[in-house]
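Hi,

Here is the structure I said I would pass on.

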Amino acid sequence: MTSRTVTLLDVARTAGVSKSTASDALQGSGRVAEATRDRVRAVAEELGYRPNSAARRLRRSSTGAIGLHLPQTATRLDYYMNLAFGAVARAQEDGFDVVLLAPASTMGGAGGATGPGGASGPVASRVDGLLVIDPEVGDSAVPGLLDAGVPVVTGERYLGPTAAPTGAVICDNAASLTALLDHVTDRGARRPAVLAPAGTSAWATALRATAASWGQEHGVDVALRTVPFAATPGEAEETTLALLRADPAVDAVICAPDGAAPGVLRAAATLGRTVGTTASDRTDSAASDRTDSTAASDRTGEEPSTPGPGPHPRTPLLVASCVDGTATRSAEPPVTAVDLRPAAYGRACAELLCDILAGRTPPDTARRHAWALETRASTTAGPA
């Protein structure tokens with residue numbers, strides 16, 4: 001059947017069911033036994049069947065599209081671009097196109113959302129459902145999107161006082177920052193700092209709260225500094241320089257925003273702080289400093305100086321990031337980071353929306369998305 005387009009009737013005949021049963025099985029609708037549904041889907045995959053999206057749209061009065069709303073800062077962040085590609089790829093598997101809702105159209109432009117109650121007509125007429133990623137309480141478009149009259153899946157929870165989404169895909173952001181803090185302290189850090197994002201998204205709120213609660217739980221004074229949600233490397237560098245000059249005891253910096261960690265590395269280099277070490281390296285460095293001080297006193301006949309508060313300028317600095325990406329992987333040294341798997345996250349969001357639209361999954365469903373800690377030289381390897 002590779003010489004022509006495989007039809008639904010081909011799938012039905014091969015699976016030994018009626019055409020209507022095959023259609024229900026593939027769309028997740030109707031009263032079809034699970035074994036039959038699995039058999040029909042397996043046959044469809046084996047034959048290379050692709051649904052006629054135009055016919056499907058006519059049958060269900062569908063637009064054949066879903067809308068994607070990203071934060072305004074998304075255009076310059078690798079994370080959101082990878083997420084969008086993942087969402088598009090998964091939506092296409094169910095025959096949906098993805099319409100990117102630009103800020104101008106979702107915040108009051110012609111045909112766009114205008115706030116609570118003002119989006120249902122224009123937005124709902126253009127898409128079958130919506131993906132709203134990292135919704136901020138301060139984003140005036142979000143309430144209208146949540147009240148647009150179509151199913152809405154959010155990437156992360158929405159913390160604002162408005163209609164709840166139809167579904168959500170969420171990460172345990174508190175756990176990911178906890179893992180980073182545990183990691184740097186296991187590597188010998190005693191005075192960690194967190195450059196946490198500003199804003200009212202669930203991600204930003206969770207990171208700021210976790211930095212404070214982790215410090216209280218472990219009896220560690222975590223130096224918390226707030227930076228823009230999409231801080232540039234330059235902004236991260238400026239904040240880190242001010243932090244380390246004011247508080248030289250800081251021996252680990254965890255930078256939250258995507259792509260900003262190289263700025264922390266530049267700040268460390270400016271201040272003569274070597275990046276990447278282990279607890280044993282710290283001990284060796286401290287011993288070397290004491291030896292150098294004693295040798296100098298032997299040459300000059302003076303008493304060795306007493307070290308001041310905080311680390312010696314040679315004391316290494318651990319650096320990590322809450323978001324992995326090209327900037328962290330290609331940095332020198334490569335930066336330990338949390339891999340949030342953005343492409344897979346985008347797929348998960350689109351999959352949940354497709355499942356809800358097809359009736360395969362009930363509304364009010366929340367799914368979890370897994371992350372992974374990638375340890376690299378910025379926290380695990382001492383200087384050569």
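This is a predicted model: local features need pLDDT of at least 70, side-chain atom pairs count only at pLDDT 80 or more; totals for chains, interfaces and linings use all residues.

The volume of the largest cavity comes out at about 160 Å³. It has 15 lining residues, and those closest to the centre are Tyr 79, Tyr 80, Asp 134, Trp 203 and Leu 340. By type, the lining splits into 11 nonpolar residues, three charged and one polar.

**Cores**

In soluble globular proteins, nonpolar side chains tend to be buried together. Here the largest nonpolar core has 48 residues. Which of them touch the most other members? That would be Tyr 80, Leu 131, Leu 177, Val 194, Ile 254 and Cys 322. The biggest contribution to this core comes from helix H15 (residues 342-357), which puts in seven residues. There is also a second, separate core with 21 residues, among them Leu 195, Ala 223, Leu 243 and Ala 268.

Leaving out residues up to four places away in sequence, Val 194 touches Leu 177, Leu 181, Ala 211, Val 222, Ala 223, Leu 224, Arg 225 and Ile 254. Two of the names there, Leu 177 and Ile 254, are also on the list of residues that touch the most other members of the largest core.

**Aromatic pairs**

How many aromatic pairs does a search of the whole structure find? Two. In one, Tyr 79 and Tyr 80 have ring centres 5.0 Å apart and planes at 85 degrees, so the pair counts as edge-to-face. Tyr 79 is buried, at a relative accessible area of 10%, and Tyr 80 is buried too, at 2%.

The other pair is Trp 203 with Phe 229, also edge-to-face, at 5.4 Å centre to centre and 80 degrees between the planes. Trp 203 sits in helix H10 (residues 202-218), while Phe 229 is in the loop between strand E7 (223-227) and helix H11 (233-246), so this pair ties together parts that are 26 residues apart in sequence. Both Trp 203 and Phe 229 are buried.

Helix H12 (residues 261-270) is mostly covered, with seven of its 10 residues buried. Those are Ala 261, Pro 262, Gly 263, Val 264, Leu 265, Ala 267 and Ala 268. What do the buried residues of H12 pack against? Strand E6 (192-197), H11, strand E8 (252-255), strand E9 (318-321) and helix H14 (326-329). After H12 comes Gly 272, with a positive phi near 75 degrees.

Ala 320 belongs to strand E9 and is buried, with a relative accessible area of 0%. Ala 320 and Leu 265 are 55 residues apart along the chain, and their C-alpha atoms are separated by 9.9 Å. Setting aside neighbours within four places in sequence, Ala 320 is in contact with Leu 180, Val 253, Ile 254, Cys 255, Val 335, Thr 336 and Thr 379.

Another residue at 0% relative accessible area is Ala 141, again buried. You'll find Ala 141 in the loop between strand E3 (129-133) and helix H8 (142-146). From Ala 141 to His 69 it is 72 residues in sequence and 9.2 Å in space, C-alpha to C-alpha.

Most residues other than glycine have a negative phi, and most peptide bonds are trans. These spots go the other way:

- Glu 332 and Pro 333 are joined by a cis peptide bond, with omega about 0 degrees; Pro 333 is in the loop between H14 and strand E10 (336-339).
- Glu 156 has a positive phi, near 80 degrees. This residue lies in the loop between strand E4 (152-155) and strand E5 (167-170). Is Glu 156 buried or exposed? Buried, at a relative accessible area of 6%.
- Asp 364 also has a positive phi, about 65 degrees, and is found in the loop between H15 and strand E11 (365-368). Asp 364 is exposed, with a relative accessible area of 69%.

Cheers

Definitions and conventions. Residues are numbered from 1 along each chain as its sequence is written. Side-chain values use heavy atoms; hydrogens and water are left out. Helices (H or I, at least four residues) and strands (E, at least two) are DSSP runs, numbered from the N terminus. Buried means under 20% relative accessible area, exposed over 50%, partly exposed in between (1.4 Å probe, protein chains only). On a 1 Å grid over the protein atoms alone, a cavity is a set of points where a 1.4 Å probe fits but cannot get out, and a pocket is an open set with protein on both sides within 12 Å along at least five of seven lines; lining residues have an atom within 4 Å of a point. Grid points are joined across faces, edges and corners, and a volume is the space filled by probe spheres set on the points. Ala, Val, Leu, Ile, Met, Phe, Trp, Tyr, Cys and Pro count as nonpolar, Asp, Glu, Lys and Arg as charged, and the others, Gly among them, as polar. A nonpolar core is a set of buried Ala, Val, Leu, Ile, Met, Phe, Trp, Tyr and Cys residues joined through side-chain atoms within 4.5 Å. Contact means heavy atoms within 4.5 Å. Rings of Phe, Tyr and Trp (its six-membered ring) pair if their centres lie within 6.5 Å; planes under 30 degrees apart count as stacked, over 60 as edge-to-face and the rest as tilted.
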